[in-house]
Amino acid sequence: MLSRSQRRKTDGRKRRFYKQWWFWLILVLIVGGVAFYMIGSASSKKSSNTPTPDISYSSSKKHTYDFGDSSSSDSDDTDDTTTSSSSTNNTAASNSAALAAAHSSAAAAQSSAAAASSKAAKDSADAKAQSDAIAYLQPFQNAVTSAQEAVTAAQNKVNSATNDNDKQSAQSALNQANGQLQAAQAALQTAQKKVA
């Protein structure tokens, strides 16, 4: 028969590792660590999804304490509610102000675009009016030019005439050409006044 120490040695060889106390200790530590990690990550996700309440206090808040009554804690709760609703109102007011600023800048951009469009339309109308004026005055200028050419031709005939009859007839043609030139110039001046 084996002694007790020898039995322990032989039993220790036969014992599996999962029957050892240190294996179960390591397993418990690993499972506990994983559990704590999961709880921590779940609570951090939950806290990131919920907005952080505004717990700031203004210096003008007055606390009254009545030791015989629990109304002071009720007053604090009311003050906290008022503070959070005031914070919500401030956020809404700032959002409203930002929206109003965006609307005003959009209106200013639209107004400047309308002004640019109006200026472009005015420039186009001015260019068309100038083109129309040039087209309107062109026949009068052509009449003046042809009358000047007729005067020049009549003057050449007067200068080249050798006898008195030719001179008189050339002079009368020159006078008639001068009259036509004056009439064409007067018509041109009237047309220019109309255009202006």
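**Exercise 1. Find how many helices and strands the protein chain holds, and the pattern they follow.**

Solution. The protein chain has four helices and zero strands, where helices are DSSP runs of H or I with at least four residues and strands are E runs of at least two, numbered from the N terminus. Along the sequence this reads as α-α-α-α. This is a predicted model, in which local features need pLDDT of at least 70 and side-chain atom pairs count only at pLDDT 80 or more, while totals for chains, interfaces and linings use all residues. Residues are numbered from 1 along each chain as its sequence is written, and side-chain values use heavy atoms, leaving out hydrogens and water.

**Exercise 2. Compare the span of helix α4 with its expected span, and list its buried residues.**

Solution. Helix α4 covers residues 164–195, 32 residues in total. From first to last C-alpha it reaches 46 Å, close to the 46 Å expected at 1.5 Å a residue, the expected span being 1.5 Å times one less than the number of residues. Its buried residues (under 20% relative accessible area, with a 1.4 Å probe and protein chains only) are A170, L174, A177, L181, A184, L188 and A191.

**Exercise 3. Identify which elements have the lowest and highest mean pLDDT.**

Solution. Over residues 69–73 the pLDDT is below 50. Where pLDDT is low, predicted coordinates should not be read in detail.

Note on methods:
Buried means under 20% relative accessible area, exposed over 50%, partly exposed in between (1.4 Å probe, protein chains only). pLDDT is the predictor's confidence in each residue, from 0 to 100. Contact means heavy atoms within 4.5 Å.
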